[in-house]
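Me: I'd like to learn how to read pockets and strand pairing in a model. Can you walk me through one?

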Amino acid sequence: MKVLLFGCGRVGRAFCELLGRKRDVVESASISLVGVATRSRGCVFNSHGIDVDRLLQWEALTGRIDALESEGTLVISDANEMLEDLDYDILVECTPSDFEIGEPARSIIKKAIKRGKHVVTANTGAMSLHFDELTRESLEIGVKLLYEATVLSGTPLFSLVRQGLPGCCIRRFEGILNGTCNFVLTVMGMGSTFDEALLEAQRRGLSEQNPWVDIDGLEAAAKTVIVARSLMSANVDLKQASIKGIRNITAQNIEEAKRRGGKLKLLSRIEANSNEIHISVSPEILSLNHPLAHLEGFSIGALLLTDVIGEICISGSGSGPKETSYSLLKDVLSLREG
Ligand SMILES: NC(=O)c1ccc[n+]([C@@H]2O[C@H](COP(=O)([O-])OP(=O)(O)OC[C@H]3O[C@@H](n4cnc5c(N)ncnc54)[C@H](OP(=O)(O)O)[C@@H]3O)[C@@H](O)[C@H]2O)c1
(Lines give C-alpha, C1' and ligand atoms only; values in the text may rest on other atoms or scores of the structure.)
Protein backbone atom coordinates (compact mmCIF):
# COMPACT_ATOMS: atom_id res chain seq x y z
CA MET A 1 0.00 0.00 0.00
CA LYS A 2 1.30 3.40 -1.00
CA VAL A 3 1.40 6.07 1.68
CA LEU A 4 1.29 9.81 1.03
CA LEU A 5 2.44 11.89 4.02
CA PHE A 6 1.02 15.39 4.39
CA GLY A 7 3.04 17.42 6.90
CA CYS A 8 6.60 16.61 7.87
CA GLY A 9 7.09 18.59 11.08
CA ARG A 10 7.63 16.99 14.47
CA VAL A 11 5.09 14.17 14.05
CA GLY A 12 5.60 13.63 10.30
CA ARG A 13 9.37 13.43 10.77
CA ALA A 14 8.97 10.97 13.67
CA PHE A 15 6.72 8.88 11.39
CA CYS A 16 9.46 8.79 8.72
CA GLU A 17 12.02 7.81 11.37
CA LEU A 18 9.75 5.01 12.56
CA LEU A 19 9.25 3.73 9.00
CA GLY A 20 13.06 3.50 8.78
CA ARG A 21 13.42 1.86 12.19
CA LYS A 22 10.67 -0.68 11.51
CA ARG A 23 11.71 -1.32 7.90
CA ASP A 24 11.23 -5.10 8.23
CA VAL A 25 7.66 -4.75 9.53
CA VAL A 26 6.84 -2.09 6.94
CA GLU A 27 8.30 -4.05 4.03
CA SER A 28 6.67 -7.31 5.03
CA ALA A 29 3.33 -5.47 5.12
CA SER A 30 4.08 -4.16 1.57
CA ILE A 31 3.83 -0.57 2.72
CA SER A 32 5.87 2.13 1.03
CA LEU A 33 6.06 5.88 1.46
CA VAL A 34 5.56 7.37 -2.01
CA GLY A 35 5.09 11.06 -1.28
CA VAL A 36 5.84 13.74 1.30
CA ALA A 37 4.25 17.20 1.29
CA THR A 38 5.02 20.26 3.38
CA ARG A 39 3.68 23.81 3.28
CA SER A 40 6.94 25.67 2.66
CA ARG A 41 9.78 23.12 2.49
CA GLY A 42 8.89 21.33 -0.71
CA CYS A 43 7.11 18.15 -1.79
CA VAL A 44 8.53 14.95 -3.29
CA PHE A 45 6.99 11.89 -4.93
CA ASN A 46 8.42 8.54 -6.00
CA SER A 47 5.99 5.85 -7.14
CA HIS A 48 8.59 3.15 -6.33
CA GLY A 49 8.97 4.36 -2.74
CA ILE A 50 11.01 7.04 -1.00
CA ASP A 51 14.13 6.05 0.92
CA VAL A 52 13.20 7.55 4.30
CA ASP A 53 16.74 7.48 5.69
CA ARG A 54 18.02 9.54 2.76
CA LEU A 55 15.03 11.88 2.97
CA LEU A 56 15.79 12.58 6.63
CA GLN A 57 19.54 12.97 5.98
CA TRP A 58 18.90 15.55 3.25
CA GLU A 59 16.33 17.31 5.39
CA ALA A 60 18.77 17.49 8.32
CA LEU A 61 21.43 18.99 6.00
CA THR A 62 19.26 21.52 4.17
CA GLY A 63 16.03 21.92 6.12
CA ARG A 64 14.15 21.02 2.94
CA ILE A 65 12.18 17.98 1.85
CA ASP A 66 12.72 18.61 -1.86
CA ALA A 67 16.52 18.48 -1.42
CA LEU A 68 16.28 14.68 -1.64
CA GLU A 69 18.21 13.43 -4.65
CA SER A 70 17.44 9.86 -5.65
CA GLU A 71 16.51 8.02 -8.81
CA GLY A 72 12.85 8.30 -9.67
CA THR A 73 12.10 10.99 -7.09
CA LEU A 74 10.14 13.89 -8.51
CA VAL A 75 9.97 17.33 -6.96
CA ILE A 76 6.33 18.45 -7.04
CA SER A 77 5.60 22.16 -6.88
CA ASP A 78 2.03 21.87 -5.63
CA ALA A 79 1.04 19.67 -2.66
CA ASN A 80 -2.53 19.67 -3.93
CA GLU A 81 -1.43 18.00 -7.16
CA MET A 82 -0.10 15.02 -5.17
CA LEU A 83 -3.33 14.80 -3.19
CA GLU A 84 -5.65 15.04 -6.18
CA ASP A 85 -3.76 13.58 -9.12
CA LEU A 86 -1.01 11.17 -8.06
CA ASP A 87 -1.33 7.51 -7.12
CA TYR A 88 -1.48 6.47 -3.45
CA ASP A 89 -3.68 4.32 -1.19
CA ILE A 90 -3.42 5.94 2.26
CA LEU A 91 -3.11 9.59 3.23
CA VAL A 92 -1.24 10.09 6.51
CA GLU A 93 -2.25 13.58 7.60
CA CYS A 94 0.06 15.47 10.00
CA THR A 95 -0.58 19.16 9.33
CA PRO A 96 -0.98 21.53 12.31
CA SER A 97 -4.16 21.45 14.37
CA ASP A 98 -6.43 24.45 14.13
CA PHE A 99 -9.07 24.62 16.85
CA GLU A 100 -11.30 27.28 15.26
CA ILE A 101 -12.03 25.98 11.76
CA GLY A 102 -9.95 22.81 11.52
CA GLU A 103 -8.17 23.86 8.34
CA PRO A 104 -6.18 23.02 6.29
CA ALA A 105 -6.62 19.45 7.59
CA ARG A 106 -10.39 19.26 6.97
CA SER A 107 -10.04 20.08 3.26
CA ILE A 108 -7.00 17.83 2.82
CA ILE A 109 -8.79 14.86 4.43
CA LYS A 110 -11.99 15.48 2.42
CA LYS A 111 -10.08 15.55 -0.87
CA ALA A 112 -8.39 12.22 -0.13
CA ILE A 113 -11.68 10.60 0.94
CA LYS A 114 -13.40 11.90 -2.20
CA ARG A 115 -10.74 10.14 -4.26
CA GLY A 116 -11.45 6.89 -2.41
CA LYS A 117 -8.27 6.93 -0.30
CA HIS A 118 -8.01 5.72 3.28
CA VAL A 119 -6.98 8.41 5.76
CA VAL A 120 -4.93 8.17 8.95
CA THR A 121 -4.74 11.44 10.86
CA ALA A 122 -3.11 12.94 13.96
CA ASN A 123 -5.18 16.11 13.67
CA THR A 124 -6.98 16.74 16.94
CA GLY A 125 -8.33 20.10 15.75
CA ALA A 126 -10.01 18.89 12.56
CA MET A 127 -11.34 15.68 14.12
CA SER A 128 -12.86 17.49 17.11
CA LEU A 129 -14.58 20.09 14.92
CA HIS A 130 -15.59 17.93 11.94
CA PHE A 131 -15.85 14.42 13.36
CA ASP A 132 -19.36 13.73 12.01
CA GLU A 133 -18.78 15.20 8.57
CA LEU A 134 -15.50 13.37 8.02
CA THR A 135 -16.59 10.00 9.40
CA ARG A 136 -19.87 10.19 7.45
CA GLU A 137 -18.08 10.96 4.18
CA SER A 138 -15.58 8.14 4.70
CA LEU A 139 -18.47 5.71 5.34
CA GLU A 140 -20.35 6.91 2.26
CA ILE A 141 -17.31 6.44 0.03
CA GLY A 142 -16.36 3.16 1.73
CA VAL A 143 -12.88 4.10 2.95
CA LYS A 144 -11.42 4.04 6.46
CA LEU A 145 -10.73 7.18 8.50
CA LEU A 146 -8.50 6.29 11.47
CA TYR A 147 -7.48 8.75 14.17
CA GLU A 148 -5.81 6.81 17.02
CA ALA A 149 -3.00 9.43 17.07
CA THR A 150 -5.39 12.25 17.98
CA VAL A 151 -5.86 11.12 21.62
CA LEU A 152 -3.32 9.57 24.06
CA SER A 153 -0.50 9.69 21.46
CA GLY A 154 0.86 6.14 21.17
CA THR A 155 -1.36 4.54 23.82
CA PRO A 156 -4.19 2.68 22.08
CA LEU A 157 -7.59 3.92 23.17
CA PHE A 158 -9.93 3.62 20.19
CA SER A 159 -8.58 0.27 19.02
CA LEU A 160 -8.61 -1.01 22.61
CA VAL A 161 -12.31 -0.26 22.91
CA ARG A 162 -13.24 -1.37 19.38
CA GLN A 163 -11.22 -4.57 19.28
CA GLY A 164 -10.75 -5.34 22.97
CA LEU A 165 -14.13 -4.42 24.42
CA PRO A 166 -16.74 -5.31 21.80
CA GLY A 167 -20.25 -5.08 23.21
CA CYS A 168 -19.20 -2.96 26.20
CA CYS A 169 -20.66 0.53 26.66
CA ILE A 170 -18.49 3.28 28.10
CA ARG A 171 -20.50 4.94 30.87
CA ARG A 172 -17.88 7.39 32.15
CA PHE A 173 -14.49 8.61 30.98
CA GLU A 174 -11.73 10.38 32.91
CA GLY A 175 -8.46 11.27 31.29
CA ILE A 176 -5.20 13.10 31.62
CA LEU A 177 -4.99 13.89 27.93
CA ASN A 178 -2.56 16.80 27.68
CA GLY A 179 1.07 15.90 28.37
CA THR A 180 2.22 19.53 28.47
CA CYS A 181 -0.19 20.44 31.29
CA ASN A 182 0.71 17.30 33.22
CA PHE A 183 4.40 18.16 32.82
CA VAL A 184 3.87 21.75 34.00
CA LEU A 185 1.89 20.62 37.08
CA THR A 186 4.50 17.94 37.87
CA VAL A 187 7.41 20.38 37.64
CA MET A 188 5.52 22.98 39.71
CA GLY A 189 5.04 20.25 42.32
CA MET A 190 8.84 19.99 42.46
CA GLY A 191 9.20 23.68 43.26
CA SER A 192 9.39 25.47 39.87
CA THR A 193 7.23 28.47 39.06
CA PHE A 194 4.53 28.23 36.37
CA ASP A 195 6.68 30.25 33.93
CA GLU A 196 9.77 28.08 34.52
CA ALA A 197 7.74 24.90 34.08
CA LEU A 198 6.11 26.10 30.83
CA LEU A 199 9.45 27.25 29.43
CA GLU A 200 10.92 23.81 30.13
CA ALA A 201 7.95 22.10 28.41
CA GLN A 202 8.48 24.33 25.36
CA ARG A 203 12.24 23.74 25.42
CA ARG A 204 11.55 20.02 25.14
CA GLY A 205 9.47 20.78 22.02
CA LEU A 206 6.42 18.84 23.09
CA SER A 207 3.78 21.55 23.40
CA GLU A 208 1.52 22.79 20.59
CA GLN A 209 3.05 25.68 18.63
CA ASN A 210 0.81 28.02 20.60
CA PRO A 211 1.30 26.65 24.17
CA TRP A 212 -1.82 28.44 25.47
CA VAL A 213 -3.91 25.98 23.45
CA ASP A 214 -2.51 23.35 25.84
CA ILE A 215 -2.42 25.48 28.99
CA ASP A 216 -5.97 26.85 28.68
CA GLY A 217 -7.36 23.33 28.26
CA LEU A 218 -8.53 23.70 24.64
CA GLU A 219 -6.40 20.86 23.28
CA ALA A 220 -7.53 18.52 26.08
CA ALA A 221 -11.15 19.53 25.46
CA ALA A 222 -10.82 18.82 21.72
CA LYS A 223 -9.49 15.35 22.55
CA THR A 224 -12.35 14.82 25.00
CA VAL A 225 -14.88 15.70 22.29
CA ILE A 226 -13.30 13.12 19.95
CA VAL A 227 -13.57 10.48 22.71
CA ALA A 228 -17.21 11.39 23.44
CA ARG A 229 -18.17 11.25 19.77
CA SER A 230 -16.20 8.13 18.96
CA LEU A 231 -16.71 5.95 22.04
CA MET A 232 -19.96 7.26 23.49
CA SER A 233 -21.79 8.29 20.28
CA ALA A 234 -22.38 11.68 21.89
CA ASN A 235 -23.51 14.55 19.73
CA VAL A 236 -21.36 17.17 21.47
CA ASP A 237 -18.98 19.85 20.32
CA LEU A 238 -16.29 22.06 21.78
CA LYS A 239 -18.74 24.89 22.48
CA GLN A 240 -20.69 22.65 24.86
CA ALA A 241 -17.62 21.66 26.86
CA SER A 242 -16.90 23.40 30.12
CA ILE A 243 -13.19 24.24 29.91
CA LYS A 244 -10.84 25.55 32.58
CA GLY A 245 -7.10 25.30 32.08
CA ILE A 246 -4.10 25.71 34.35
CA ARG A 247 -3.08 29.30 33.45
CA ASN A 248 -3.89 30.59 36.94
CA ILE A 249 -2.59 27.66 38.97
CA THR A 250 -0.17 28.78 41.66
CA ALA A 251 2.32 27.08 43.96
CA GLN A 252 -0.29 27.53 46.72
CA ASN A 253 -2.84 25.46 44.76
CA ILE A 254 -0.30 22.67 44.35
CA GLU A 255 0.55 22.80 48.08
CA GLU A 256 -3.14 22.75 49.00
CA ALA A 257 -3.61 19.56 46.94
CA LYS A 258 -0.65 17.97 48.76
CA ARG A 259 -2.04 19.04 52.13
CA ARG A 260 -5.32 17.36 51.25
CA GLY A 261 -3.43 14.17 50.44
CA GLY A 262 -3.81 14.37 46.68
CA LYS A 263 -2.35 15.67 43.43
CA LEU A 264 -3.54 18.46 41.19
CA LYS A 265 -4.20 17.24 37.64
CA LEU A 266 -5.89 18.67 34.55
CA LEU A 267 -8.71 16.17 34.22
CA SER A 268 -10.97 15.57 31.24
CA ARG A 269 -14.35 14.13 32.14
CA ILE A 270 -17.25 12.70 30.18
CA GLU A 271 -20.28 11.92 32.29
CA ALA A 272 -23.38 10.30 30.86
CA ASN A 273 -26.52 11.07 32.94
CA SER A 274 -29.76 9.52 31.64
CA ASN A 275 -29.84 10.99 28.13
CA GLU A 276 -27.38 13.85 28.63
CA ILE A 277 -23.63 13.88 28.14
CA HIS A 278 -21.54 16.43 29.97
CA ILE A 279 -17.95 17.20 28.99
CA SER A 280 -15.49 19.12 31.10
CA VAL A 281 -11.80 19.86 31.43
CA SER A 282 -10.55 21.40 34.66
CA PRO A 283 -7.84 21.16 37.32
CA GLU A 284 -8.92 18.70 40.00
CA ILE A 285 -7.36 17.27 43.12
CA LEU A 286 -7.11 13.50 42.65
CA SER A 287 -6.70 11.39 45.77
CA LEU A 288 -3.58 9.25 45.73
CA ASN A 289 -5.60 6.07 45.24
CA HIS A 290 -7.03 7.40 41.96
CA PRO A 291 -5.36 5.38 39.16
CA LEU A 292 -4.45 8.56 37.24
CA ALA A 293 -2.95 10.43 40.21
CA HIS A 294 0.46 8.84 39.72
CA LEU A 295 0.94 9.92 36.11
CA GLU A 296 3.83 12.37 36.12
CA GLY A 297 5.63 14.49 33.54
CA PHE A 298 4.53 13.94 29.95
CA SER A 299 2.60 10.77 30.87
CA ILE A 300 -1.01 10.55 29.81
CA GLY A 301 -3.80 8.11 30.58
CA ALA A 302 -7.48 7.34 30.84
CA LEU A 303 -9.90 5.58 33.16
CA LEU A 304 -12.97 4.11 31.49
CA LEU A 305 -16.04 2.86 33.31
CA THR A 306 -17.69 0.11 31.28
CA ASP A 307 -21.17 -1.36 31.79
CA VAL A 308 -19.91 -4.96 31.84
CA ILE A 309 -16.46 -5.23 33.39
CA GLY A 310 -16.21 -2.11 35.52
CA GLU A 311 -13.14 0.09 35.25
CA ILE A 312 -10.27 -0.17 32.79
CA CYS A 313 -7.23 2.07 33.12
CA ILE A 314 -4.61 2.69 30.43
CA SER A 315 -1.59 4.97 30.49
CA GLY A 316 1.49 5.77 28.49
CA SER A 317 4.77 7.28 29.59
CA GLY A 318 5.06 9.73 26.71
CA SER A 319 2.89 12.02 24.64
CA GLY A 320 5.30 13.41 22.07
CA PRO A 321 5.91 12.96 18.34
CA LYS A 322 7.65 9.59 18.78
CA GLU A 323 4.67 8.03 20.57
CA THR A 324 2.17 9.75 18.26
CA SER A 325 3.97 8.41 15.19
CA TYR A 326 3.49 4.88 16.51
CA SER A 327 -0.29 5.32 16.44
CA LEU A 328 -0.02 6.48 12.82
CA LEU A 329 1.99 3.39 11.90
CA LYS A 330 -0.37 1.14 13.84
CA ASP A 331 -3.36 2.58 11.96
CA VAL A 332 -1.56 2.18 8.62
CA LEU A 333 -0.70 -1.45 9.45
CA SER A 334 -4.30 -2.12 10.46
CA LEU A 335 -5.45 -0.96 7.00
CA ARG A 336 -3.08 -3.47 5.45
CA GLU A 337 -4.60 -6.20 7.59
CA GLY A 338 -8.06 -5.18 6.31
N1 LIG B 1 3.50 17.17 18.50
C2 LIG B 1 2.89 16.18 19.16
O3 LIG B 1 3.46 15.56 20.06
C4 LIG B 1 1.47 15.75 18.77
C5 LIG B 1 0.79 14.77 19.51
C6 LIG B 1 -0.49 14.36 19.09
C7 LIG B 1 -1.07 14.94 17.97
N8 LIG B 1 -0.39 15.92 17.30
C9 LIG B 1 -1.00 16.51 16.10
O10 LIG B 1 -0.20 16.15 14.98
C11 LIG B 1 -0.29 17.18 13.98
C12 LIG B 1 1.11 17.61 13.56
O13 LIG B 1 1.77 18.17 14.68
P14 LIG B 1 3.31 18.62 14.59
O15 LIG B 1 3.71 18.90 15.99
O16 LIG B 1 4.08 17.67 13.77
O17 LIG B 1 3.15 20.00 13.75
P18 LIG B 1 4.32 20.82 13.06
O19 LIG B 1 5.64 20.48 13.66
O20 LIG B 1 3.87 22.23 13.07
O21 LIG B 1 4.34 20.28 11.54
C22 LIG B 1 3.29 20.54 10.67
C23 LIG B 1 3.70 20.14 9.26
O24 LIG B 1 2.58 20.35 8.39
C25 LIG B 1 3.04 21.05 7.22
N26 LIG B 1 1.92 21.75 6.62
C27 LIG B 1 1.22 22.83 7.09
N28 LIG B 1 0.24 23.16 6.22
C29 LIG B 1 0.33 22.29 5.19
C30 LIG B 1 -0.39 22.13 3.97
N31 LIG B 1 -1.41 22.93 3.65
N32 LIG B 1 -0.02 21.14 3.11
C33 LIG B 1 1.02 20.31 3.41
N34 LIG B 1 1.74 20.41 4.55
C35 LIG B 1 1.39 21.39 5.43
C36 LIG B 1 4.14 21.95 7.72
O37 LIG B 1 4.93 22.40 6.62
P38 LIG B 1 6.28 23.28 6.85
O39 LIG B 1 7.30 22.28 7.34
O40 LIG B 1 6.58 23.82 5.54
O41 LIG B 1 5.90 24.30 7.89
C42 LIG B 1 4.85 20.98 8.68
O43 LIG B 1 5.71 20.14 7.94
C44 LIG B 1 -1.12 18.30 14.61
O45 LIG B 1 -2.43 18.20 14.13
C46 LIG B 1 -1.06 18.03 16.10
O47 LIG B 1 -2.19 18.51 16.80
C48 LIG B 1 0.85 16.33 17.65
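Predicted model: local features only at pLDDT ≥ 70, side-chain atom pairs only at ≥ 80, totals over all residues.

Me: How do I find the space itself, and how much space lies in the largest pocket?

Reply: Rolling a probe the size of a water molecule over the atoms shows where empty space is left. Here the largest pocket holds about 1100 Å³. It has 45 lining residues, and R10, C94, T95, P96 and S97 are the closest to its centre.

Me: Which helix gives the largest share of the lining?

Reply: Helix 1, with three residues. At least two residues each come from helix 1 (10–21), helix 8 (179–189), helix 10 (211–215), helix 11 (218–232) and helix 13 (321–336).

Me: And how do the lining residues divide into nonpolar, polar and charged?

Reply: You get 16 nonpolar, 21 polar and eight charged.

Me: Now the strands. What should I know about side chains there?

Reply: In a regular strand they alternate between the two faces of the sheet. For pairing, look at strand 11 (residues 276–287), which runs parallel to strand 9 (residues 242–243) with two bridges. In that pair, I243 stands opposite V281.

Me: Does strand 10 run parallel or antiparallel to strand 11?

Reply: Antiparallel: twelve bridges join strand 10 (residues 262–273) to strand 11.

Me: How many residues lie between strand 10 and strand 11 in the hairpin?

Reply: Two, and S274 in the turn has a positive phi of about 40°.

Definitions and conventions:
Residues numbered from 1 in each chain as written. Heavy atoms only, no water. 1 Å grid on protein atoms, 1.4 Å probe; cavity = no way out; pocket = protein on both sides within 12 Å on 5 of 7 lines; lining within 4 Å. Points joined across faces, edges and corners; volume = space filled by probe spheres on them. Helix = DSSP H or I, 4+ residues; strand = E, 2+ residues; numbered from the N terminus. Nonpolar A, V, L, I, M, F, W, Y, C, P; charged D, E, K, R; others polar. Pairing = 2+ DSSP bridges.
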